[in-house]
Amino acid sequence: MAALLSVSHLKKYFPITAGFLGRRVGEVKAVDDVSFAIPEGKTFALVGESGSGKTTVGKTVIRLIRPTAGDIIFDGTNLSKFKERDLKPWRRQMQIVFQDPTSSLNPRRRVADIIATPLEVHGIGTARERLARVKELLELVELPDKYLYSYPHALSGGQKQRVAIARALALNPRFVVLDEPTSALDVSVQAKILALLARLQKELGLTYLLISHDLSVVKNFSDHIAVMYLGKLMEMAPTQELFANPLHPYTRALLSAIPVVIDEELEMIPERITLEGEIPSPVNAPKGCVFHTRCYARMDVCSLQEPQQWEPAPGHYVWCHLFAVGGDAPT
Ligand code: SF4
């Protein structure tokens, strides 16, 4: 299946400045040489701890942030070097839903105005036509139209996220970045929002980039998963393959922490692995393998050389020296 979005060697470095004149004294490599592709109508999940660079990837691929280097090919066009004015027609096709609907919705605007904002910005329709479209969108996200003139404070967390999803869909996009869309919600509401997103994908043919810190959220929702750590890819594979055969020590640690619901899953989940310490600051990322300061399987080479990409099975990629020397993942 053809890729709707294809990202190659994407880098985003933020400058570190000092002094009165803002002299550049270094850089934070928030995203460092990341490549992946998402076929149309599929969901690609980016997973990692806070500080792994996954949100920066999400914002960069829809050009809310300008990349430092790399290509962002959307439907055959390279958007990476486009100027803001050239991006406008593409913005209609690419939208984002943020983690916290309370902060992403303007508290002084009513639901109808919030959802109509993208239509106004792009000069689409008359006021009457925009209102009709807003009503259609409310129905699509299963929110009764009695909330049309409510302010965000009158809505529950789940209802606010439905408004944010309706706003993201107002322009009929083909591609949506879902940045931790359920992590600010109660557990009981999370499943309903994920079910809504799955239905919308099916009905509207949407392509998703799902960003999450939680493998259990992406397990039943994504077709492909990439695991990130300190701006780099650690492992990437089709979802079933990643769960059946996790190879990278970091993936195995993340997997070992997810709750097991049924016996079959027990066999797929490694024994609990507790990682030492916190994710290091990207300002001083470790040399060699960026994960080596917390890795329970590190070898001498790990602090000296950055691992290459290995493909142990078709479409399954891992960046770890263990596989360069033909070893198996440790348990
Ligand atoms: Fe661990 Fe070394 Fe593999 Fe990095 S390269 S994940 S430190 S074993």
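View 1. A residue counts as buried when its relative accessible area is under 20%, computed on the protein chains only with a 1.4 Å probe. The structure shown here is a predicted model. Cysteine 295 has 9% relative accessibility, so this residue falls in the buried class. Cysteine 320 is buried because its relative accessible area is 9%.

View 2. Where does the ligand sit? Its place is in the largest cavity. Around the ligand there are 13 residues, and those that come nearest are Cys289, Cys295, Cys302, Cys320 and His321. By residue class, the shell around the ligand holds nine nonpolar residues, three polar ones and one charged.

**View 3. A look at the cysteine sulfurs.** Here is a handy check while you have the cysteines on screen. How many disulfides does the count come to? A disulfide is a covalent bond between the sulfur atoms of two cysteines. With a cut-off of 2.5 Å between the sulfur atoms, the count is zero disulfides.

**View 4. Where the two domains touch.** Let's move on to the domains. The domain assignment gives domain 1 as 3–93 + 174–279, and domain 2 as 102–172. Their C-alpha centres are 26 Å apart. At the contact between them, 17 residues of domain 1 meet 14 residues of domain 2.

Key:
Residues numbered from 1 in each chain as written. Predicted model: local features only at pLDDT ≥ 70, side-chain atom pairs only at ≥ 80, totals over all residues. Heavy atoms only, no water. Near = heavy atom within 4 Å. 1 Å grid on protein atoms, 1.4 Å probe; cavity = no way out; pocket = protein on both sides within 12 Å on 5 of 7 lines; lining within 4 Å. Sits in = over half its atoms within 2 Å of the grid points. Nonpolar A, V, L, I, M, F, W, Y, C, P; charged D, E, K, R; others polar. Buried < 20%, exposed > 50% of the residue type's maximum accessible area, 1.4 Å probe, protein only. Domains from an automatic or database assignment. Contact = heavy atoms within 4.5 Å.
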